[in-house]
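Here is a short briefing on one structure. Please look through the sequence and the model before reading on.

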Amino acid sequence: MRGLPKLKVNFEYEKKQKEKAVKIPKAHVYNLSKVRKIVVGLLIILVLYFAYVLVLANGVAIQNRELRHNITSLTARIDKASAGTTSYNPIVGQYLANFVNAYYTFDKTKSDAWLDKVTPYFAKNVTLSSSTNTENMKLLQAKLNGIFTVDSIKTAQYNLTIETNGKQVTMVVNVPYTQDNDKLTVIGLPYVANEIDSVGQVGKARFDKTGRTLNDEAVTNKVQKFTKQFVQKYVSSSTKEMSLLMSDPVGLDNAVELVSLEDSDMQVTGTKDKPVVTAKITVKLQGTNITQVQTIYLELKQQSNTYFVTRFLQA
């Protein structure tokens, strides 16, 4: 029919959506036997790795030992090549000749003047006193045997002829010194020594005086007693006889006699089994009244109820 309005009807409805199933993650179940195998495998890998590292470290240690051996060999060759060769230097020769003449010409009535004259030759850490020499003496002749490397220190060795109390005596002395261009310094008291073979000497590290004092009184007393016996034996025995007491034997064979070595002159460091002794000894040239102060250094090793000298130096 015309004229009637159209009737619109909307039918709306809500579609029901199906609910999705919630997925629950599966629980991981570990097999204990499998875990053990993994842990054991890791441990084996770590052990193999550390073994590999140790092999590498051992290889490096072997290389280092070989390198040190090569350095020692080269040092020995250098020392042998340099033994006695620097005596041609006129500056060194004149300086040392002046020093030896001043040191071994002494008038006990003018000891202070002697001290003033010789002090400038020495390094500042070398202790001198007017009582270093006690008898009049005059240097008649000084023959330079050569300049050697002794314990990595340049050392001039002289054959001296000295007059004292109307007698002429001879002795061999070493003078340790250092050189910086044209400046020279005597770095230790001259000391009586065996004549050095001009073929050359093997250099070693100089002794270190910075060790801690050994505070065990019983050990210190024992070391001091041994040191006194050793020094007495050293000045009175031959090199061959000293082989029972030290690894590199040397003996003065009565060239001098021991005047004094007091406990207060000895410093004991190191450990109970390996003590180290630094001492000042006073010796007198045999058949004369000429005395001389020398410094000695001993590295000892416990041996039964006594000690054995593994290293002996003088300065």
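Is Arg-311 buried or exposed? Arg-311 is buried, at a relative accessible area of 18%; buried means under 20%, exposed over 50% and partly exposed in between, with a 1.4 Å probe and protein chains only. This is a predicted model, in which local features need pLDDT of at least 70, side-chain atom pairs count only at pLDDT 80 or more, and totals for chains, interfaces and linings use all residues. Residues are numbered from 1 along each chain as its sequence is written, and side-chain values use heavy atoms, leaving out hydrogens and water.

**Salt bridges**

- The whole structure holds 2 salt bridges, each defined as a side-chain nitrogen of Lys or Arg within 4 Å of a carboxyl oxygen of Asp or Glu.
- Arg-311 pairs with Glu-299, with the closest N and O atoms 3.6 Å apart.
- Arg-311 sits in strand β10 (residues 306–314) and Glu-299 in strand β9 (residues 291–303), so the pair ties together parts 12 residues apart in sequence. Helices (H or I, at least four residues) and strands (E, at least two) are DSSP runs, numbered from the N terminus.
- Glu-299 is partly exposed, at 23% relative accessible area.
- Lys-228 pairs with Asp-263, and here the closest N and O atoms are 2.9 Å apart.
- This pair links distant parts of the chain, 35 residues apart: Lys-228 is in helix α4 (residues 217–236), Asp-263 in the loop between β6 (256–260) and β7 (266–270).
- Lys-228 is partly exposed at 31% relative accessibility, and Asp-263 is partly exposed at 38%.

**Nonpolar cores**

- The largest nonpolar core has 63 residues. Such a core is a set of buried Ala, Val, Leu, Ile, Met, Phe, Trp, Tyr and Cys residues joined through side-chain atoms within 4.5 Å.
- Leu-96, Tyr-104, Phe-122, Leu-160, Ile-162, Phe-230 and Phe-312 touch the most other members.
- A second, separate core of 5 residues includes Phe-148, Val-150, Tyr-191 and Ala-193.
- Beyond four places in sequence, the contacts of Phe-122 (heavy atoms within 4.5 Å) include Phe-99, Leu-128 and Pro-190.

**Tyr-158**

- Tyr-158 lies in strand β2 (residues 153–164) and is buried at 3% relative accessibility.
- Leu-144 is 14 residues from Tyr-158 in sequence, yet their C-alpha atoms are 4.5 Å apart.
- Residues touched by Tyr-158, not counting those up to four places away, include Leu-96, Leu-144 and Val-173.

**Helix α1**

- Val-53 is in helix α1 (residues 32–82) and is partly exposed, at 33% relative accessible area.
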